[in-house]
Amino acid sequence: MTRAGLLALAALALAAGGAGARADTSHAEAVMTPGGDEIAGILALEPDLGYGAYLASDCTSCHADAAAEGIPRIRDLPTGTIVAALVDYRRGARQHQVMETIARRLGDEEIAALAAFLGEAD
Ligand code: HEC
């Protein structure tokens, strides 16, 4: 198979992998840094803090202010860290059954709002 053919296949696999995969996955850079474009795109959104506060009520049942057994504290993590973690769970690059299920229900706007509300600007 040609190199271009391989790249196209890789782009297809990427597009199929992430629920929020961007249309522009044929871009060679997206193939080489999977997730990077997605994270940058979310960080570029104008987050809605009120929406983030509303959505975060679904998270605090597990993520309390103090870390618990197996559950990390997420409040005040850098915003970029929260976005990256949620994108990675959403596309299955970071595996954890519960968090993957939760992240797959979140759209880009929701991840941006949650990360802005929960996190600290970095
Ligand atoms: C049912 C319990 C539960 C709920 C609800 C939950 N989480 Fe999690 N979360 C976890 C656990 C357990 C982990 C650790 C998973 C791992 O080891 O990768 C985690 C990990 C994370 C991480 C990675 C933290 C780090 O230090 O790398 C982020 C970010 C996160 N959750 C955000 C959220 C957000 C945002 C919500 C709400 C939309 C949410 N979680 C709801 C249990 C939960």
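**Figure 1. Overview of the protein chain.** From the N terminus on, the elements of the protein chain run α-α-α-α-α-α-α. The chain has seven helices and zero strands; helices (H or I, at least four residues) and strands (E, at least two) are DSSP runs, numbered from the N terminus. This is a predicted model, in which local features need pLDDT of at least 70 and side-chain atom pairs count only at pLDDT 80 or more, while totals for chains, interfaces and linings use all residues. Residues are numbered from 1 along each chain as its sequence is written. Of the 122 residues in the protein chain, 25% are buried. A residue is buried if 20 or more other C-beta atoms lie within 10 Å of its own, exposed if 12 or fewer, and partly exposed in between, with C-beta atoms placed from the backbone. Among contacts between residues at least 6 apart in sequence, 63% join residues at least 24 apart; two residues are in contact if their C-beta atoms, placed from the backbone, lie within 7 Å.

Figure 2. Helix α5 covers residues 79-90, and its 12 residues should span 16 Å at 1.5 Å a residue. The expected span of a helix is 1.5 Å times one less than its number of residues. The end C-alpha atoms of α5 are 17 Å apart, which agrees. The helix is mostly covered, with 10 of its 12 residues buried. These are Thr 79, Ile 82, Val 83, Ala 84, Ala 85, Leu 86, Val 87, Asp 88, Tyr 89 and Arg 90. The buried residues of α5 pack against α3 (36-43), α6 (97-104) and α7 (108-118). After α5 comes Gly 92, whose phi is positive, near 80 degrees.

Figure 3. Asp 76 sits in the loop between α4 (49-56) and α5. Its phi is positive, about 70 degrees, although Asp 76 is not a glycine. Most residues other than glycine have a negative phi. Asp 76 counts as exposed because it has 11 C-beta neighbours inside 10 Å.

**Figure 4. Packing of α5 with α6.** The two helices, α5 and α6, pack at an angle of about 95 degrees, with their axes 7 Å apart. Axes are lines fitted to C-alpha atoms, for helices over the stretch in contact, and angles run from 0 to 180 degrees between N-to-C directions. α5 and α6 are therefore roughly perpendicular to each other; angles under 35 degrees count as roughly parallel, over 145 as roughly antiparallel, 65 to 115 as roughly perpendicular and the rest as oblique. On the α5 side the contact involves Leu 86, Tyr 89 and Arg 90, which meet Met 99, Glu 100, Ala 103 and Arg 104 in α6. The residues of this contact divide into four nonpolar, no polar and three charged. Ala, Val, Leu, Ile, Met, Phe, Trp, Tyr, Cys and Pro count as nonpolar, Asp, Glu, Lys and Arg as charged, and the others, Gly among them, as polar.

**Figure 5. The shell around the ligand.** The ligand is surrounded by 19 residues, of which the closest are Cys 59, Cys 62, Pro 72, Ala 85 and His 96. A residue is near a molecule or strand if its C-beta atom, placed from the backbone, lies within 6 Å of it. Both α5 and α6 supply at least two residues each to this shell. By class, the shell residues divide into 13 nonpolar, four polar and two charged.

**Figure 6. Helix α7 and its partners.** Eight of the 11 residues of α7 are buried, so the helix is largely enclosed by the rest of the structure. The buried residues are Ile 111, Ala 112, Ala 113, Leu 114, Ala 115, Ala 116, Phe 117 and Leu 118. They pack against α3, α4 and α5.

Figure 7. Gly 52 is in helix α4 and is buried, with 20 other C-beta atoms within 10 Å. Not counting residues up to four places away in sequence, Gly 52 touches Pro 47, Ala 113, Leu 114, Ala 116 and Phe 117. Gly 52 and Glu 109 are 57 residues apart in sequence, and their C-alpha atoms are 9.3 Å apart. Tyr 51 also lies in helix α4; with 16 other C-beta atoms within 10 Å, Tyr 51 is partly exposed.

**Figure 8. Leu 43 in α3.** Leu 43 lies in helix α3 and counts as partly exposed, with 17 C-beta neighbours inside 10 Å. Leaving aside neighbours within four places in sequence, Leu 43 is in contact with Gly 80 and Val 83. Leu 43 and Ala 116 are 73 residues apart in sequence and 9.2 Å apart in space, C-alpha to C-alpha.
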